[in-house]
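Reader: Hi, I'm new to reading structures. Can you walk me through this one?

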Amino acid sequence: IMNNTHEWCAQGIEPQIDNLQGIPVEIIPWWMEKLNRFEIINIYNVEDMQLAAAVEKEILESQSIRSVLVVPMAFAGKLTGFIGFDSVEDNKIWKEEQISILIVLAEIISNALVRHQREEEIRYINFHDSLTRLYNRAFLEEEMKRLDTERQLPIM
């Protein structure tokens with residue numbers, strides 16, 4: 001399932017984030033094939049999209065998108081998402097420098113997301129018993145420190 005998690009719009013442009021939630025990736029095979037091959041999607045004119053991308057074209061046109069640039073985000077050879085820009089007022093040609101910056105930004109964000117996920121996994125491992133998955137003594141000691149305030153006294 002594909003969800004739009006963040007959206008920034010120029011003044012006067014109607015946000016579409018609510019229309020881009022829960023899209024099954026099976027209905028956008030052309031889009032997903034490109035992203036899974038880590039290809040940049042750079043479409044100058046949505047109206048000229050090929051027949052194989054009919055569903056994707058319909059989705060973009062329903063949002064009045066005229067041009068789109070999408071860069072896949074990947075980590076360890078796995079697609080983790082994408083960053084995209086679109087133009088609704090006119091057709092846009094993105095310069096090579098802009099695309100390069102977007103590629104670097106996608107790498108930075110992807111690495112940050114993976115790092116955050118790994119930190120959460122480590123935190124879980126540190127505070128849970130590996131067999132029972134119940135909280136362990138380390139968790140209890142951390143909670144005791146957190147609750148050791150004037151307001152919470154007496155703890156026991």
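**A walk through the fold**

Reader: Let's begin with β2. How many of its nine residues are buried?
Author: Seven of the nine are buried, so β2 is mostly covered. Buried means under 20% relative accessible area, exposed means over 50%, and partly exposed is in between (1.4 Å probe, protein chains only). Strands here are DSSP runs of E with at least two residues, helices are runs of H or I with at least four, and both are numbered from the N terminus.

Reader: And what kind of model is this?
Author: The model is predicted; local features need pLDDT of at least 70, side-chain atom pairs count only at pLDDT 80 or more, and totals for chains, interfaces and linings use all residues. Residues are numbered from 1 along each chain as its sequence is written, and side-chain values use heavy atoms, with hydrogens and water left out.

Reader: Back to the strands. What is the order in the sheet?
Author: The order is β1-β2-β3, in an open sheet of three strands with antiparallel pairing. Two strands pair if DSSP finds at least two bridges between them. β1 and β3 are the edge strands, and each pairs on one side only. Neighbouring strands are turned by 10° against each other on average, direction ignored. For such angles, axes are lines fitted to C-alpha atoms, for helices over the stretch in contact, and angles run from 0 to 180 degrees between N-to-C directions.

Reader: How many bridges join β1 to β2?
Author: Three, and the two strands run antiparallel. I41 has V70 in β2 as its bridge partner. N42 stands opposite L69 in β2.

Reader: Then β2 and β3, how many bridges there?
Author: Nine bridges, again in the antiparallel sense; β3 covers residues 78-87. F75 has K78 in β3 as its bridge partner. The two strands form a hairpin with two residues between them. A76 sits in that turn and has a positive phi of about 50°.

Reader: Which helix packs on the sheet?
Author: α3 does, and it touches β1, β2 and β3. Its direction makes about 40° with that of β2.

Reader: Where is S110 found?
Author: In helix α3, which spans residues 96-127.

Reader: Is S110 buried or exposed?
Author: Buried, because its relative accessibility is 1%. Not counting residues up to four places away in sequence, S110 touches M73, A74, F75 and T80. Contact means heavy atoms within 4.5 Å.

Reader: Switching topic. Which residues touch the most other members in the largest nonpolar core?
Author: W30, W31, I41, I43, M49, L60 and V68, out of 17 residues in that core. A nonpolar core is a set of buried Ala, Val, Leu, Ile, Met, Phe, Trp, Tyr and Cys residues joined through side-chain atoms within 4.5 Å. α1 (29-36), β1 (41-43) and β2 (67-75) each supply at least two residues of this core. The largest share, four residues, comes from α1.

Reader: What does M49 touch?
Author: W30, I43, E56, K57 and L60, not counting residues up to four places away in sequence.

Reader: Which residues of α1 are buried?
Author: W30, W31, M32, K34 and L35. What covers them includes β1, α2 (54-62), β2 and β3. After α1 comes F38, whose phi is positive, near 60°.

Reader: How many aromatic pairs are there?
Author: Three. Rings of Phe, Tyr and Trp (its six-membered ring) pair if their centres lie within 6.5 Å; planes under 30 degrees apart count as stacked, over 60 as edge-to-face and the rest as tilted. W31 and F82 have ring centres 5.8 Å apart and planes at 70°, so that pair is edge-to-face. This pair links distant parts of the chain, with W31 in helix α1 and F82 in strand β3, 51 residues apart.

Reader: Which residues form a cluster through ring pairs?
Author: F127, Y135 and F139. The rings of Y135 and F139 have centres 3.8 Å apart and planes at 15°, so they are stacked. Y135 counts as exposed, at 53% relative accessibility.
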